[in-house]
Amino acid sequence: MIYTLTLNPSVDYIVKLDSFQLGTLNRTVSEAKFPGGKGINVSRVLSQFGTPSQALGFIGGFTGAYIEEFLQKERIETDFVEVKEDSRINIKLKSGQESEINANGPNISDIDFTQLKEKIKQLNSNDLLVLAGSIPSSLPVTTYEELVLICQKNGVHFVVDAEGELLKKVLPYKPFLIKPNHHELGHLFDTALTSVEDVIPYGKKLITLGAQNIIVSLADKGAVFINENKVLIAAVPKGKVKNSVGAGDSMVAGFLAAIERKKNIEEAFRYSVASGSATAFSLGLCTKENVEALLAQVTIKELI
């Protein structure tokens, strides 16, 4: 079973306006709401491929109930820890440029965190855990380290989709997959990376630090896959970008779904890139049909 962990889920409230002006009444042209959070996005895309997963994390209040009900309607299993305060609402305002207002989220108590750790302790060597996104301010900064240590002790494979120190500190525990973009990878080494050629040596450094597989996305410039044995470069499909939210999560899900179906690394990387592109070209997350329509456009080259 694949488990996804979202420590600070949200209801994402997306509103579109013809124009927006401060200090006056503005009316929407359209609006929508979805459960948000990187791990939740991974579960939702896995579901598109028919790959089961269970969503873990913290939810609370009427917003938490909405998140859980939405996922269950999409036939995604959930096993959240319920907290006392409401799950957060994040506002995505689309009017020419896109603006976001993200809330802090509920307070997570020591008891809540202990309950989550007990759930993680039930996983075994047949399972994989995806840890995705930021850590709420009410949790210790060592949260990811504590959780991946549990995984390591129980032989659980794990994926980390996070940035900065969160990512760096879990590398010694040998994550199965990490997926920084080129900006995040450059930030780790205090440098600017703008091309595929720039990315490769720094990606290889992350392999020496403990990562087993790495996918680095470079938006329209392509993507790079690196492990101990291979360096693959993918050219991304052409299309109009409508939405950047969830594209990276879709890449993680596409890769894992292909691995679950026993695809080889090249094909899993192809599915990863097609999934990220399909989400970027959509207003919401990708569908299986949209991904498969793009697969033929993803060309992969192996560096010798």
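Residues are numbered from 1 along each chain as its sequence is written, and side-chain values use heavy atoms, with hydrogens and water left out. Because the model is predicted, local features need pLDDT of at least 70 and side-chain atom pairs count only at pLDDT 80 or more, while totals for chains, interfaces and linings use all residues.

## The sheet

Let's start with the strands. Helices (H or I, at least four residues) and strands (E, at least two) are DSSP runs, numbered from the N terminus. Two strands pair if DSSP finds at least two bridges between them. In general, strands of a sheet pair through backbone hydrogen bonds, either parallel or antiparallel.

Here, four strands make an open sheet in the order S3-S2-S7-S8, with mixed pairing. Its edge strands are S3 (30-36) and S8 (97-101), each of which pairs on one side only. On average, neighbouring strands of this sheet are turned by 20° against each other, direction ignored. For angles like this, axes are lines fitted to C-alpha atoms (for helices, over the stretch in contact), and angles run from 0 to 180 degrees between N-to-C directions.

How many bridges join S2 to S3? There are seven, and the two strands run antiparallel, with S2 covering residues 10-16. Within this pair, Ile-14 has Ala-32 of S3 as its bridge partner.

A helix joins in too: H2 (residues 61-73) packs on the sheet and touches S2, S3 and strand S7 (88-95). The direction of H2 makes about 85° with that of S3. Touching, or contact, means heavy atoms within 4.5 Å.

Ser-95 stands opposite Gln-97 in S8. These two strands form a hairpin with one residue between them, and Gly-96 in the turn has a positive phi of about 75°.

## The second largest pocket

The search runs on a 1 Å grid over the protein atoms alone: a pocket is an open set of points where a 1.4 Å probe fits, with protein on both sides within 12 Å along at least five of seven lines, and lining residues have an atom within 4 Å of a point. Grid points are joined across faces, edges and corners, and a volume is the space filled by probe spheres set on the points.

The second largest pocket holds about 380 Å³. It is lined by 16 residues, and those closest to its centre are Ile-14, Lys-16, Ser-30, Lys-94 and Leu-283. Which element gives the largest share of this lining? That is S3, with four residues. S2, S3, S7 and S8 each supply at least two residues. By type, the lining splits into six nonpolar, five polar and five charged residues. In this count, Ala, Val, Leu, Ile, Met, Phe, Trp, Tyr, Cys and Pro are nonpolar, Asp, Glu, Lys and Arg are charged, and the others, Gly among them, are polar.

Ser-30, one of those central residues, sits in strand S3. Ser-30 touches Ile-14, Val-15 and Lys-16, not counting residues up to four places away in sequence. Ser-30 and Ile-14 are 16 residues apart in sequence, and their C-alpha atoms are 8.3 Å apart.

## Buried or exposed?

Relative accessible area sorts residues into buried (under 20%), exposed (over 50%) and partly exposed (in between), using a 1.4 Å probe and protein chains only.

| Residue | Relative accessible area | Class |
|---|---|---|
| Thr-143 | 0% | buried |
| Gly-222 | 2% | buried |
| Leu-295 | 13% | buried |
| Ser-30 | 36% | partly exposed |
| Arg-75 | 79% | exposed |

Thr-143 lies in helix H4 (residues 143-154). Which residues does Thr-143 touch, not counting those up to four places away in sequence? They are Leu-7, Phe-113 and Ile-135.

Gly-222 is in the loop between strand S12 (213-217) and strand S13 (223-227). Leaving aside neighbours within four places in sequence, Gly-222 is in contact with Val-216, Ser-217, Ala-234 and Val-236.

Leu-295 belongs to the loop between helix H10 (288-294) and strand S15 (299-302). With neighbours within four places in sequence set aside, its contacts are Arg-270, Tyr-271 and Ala-274.

Arg-75 is in the loop between H2 and strand S5 (77-78). Its phi is near 60°, a positive value in a residue other than glycine.
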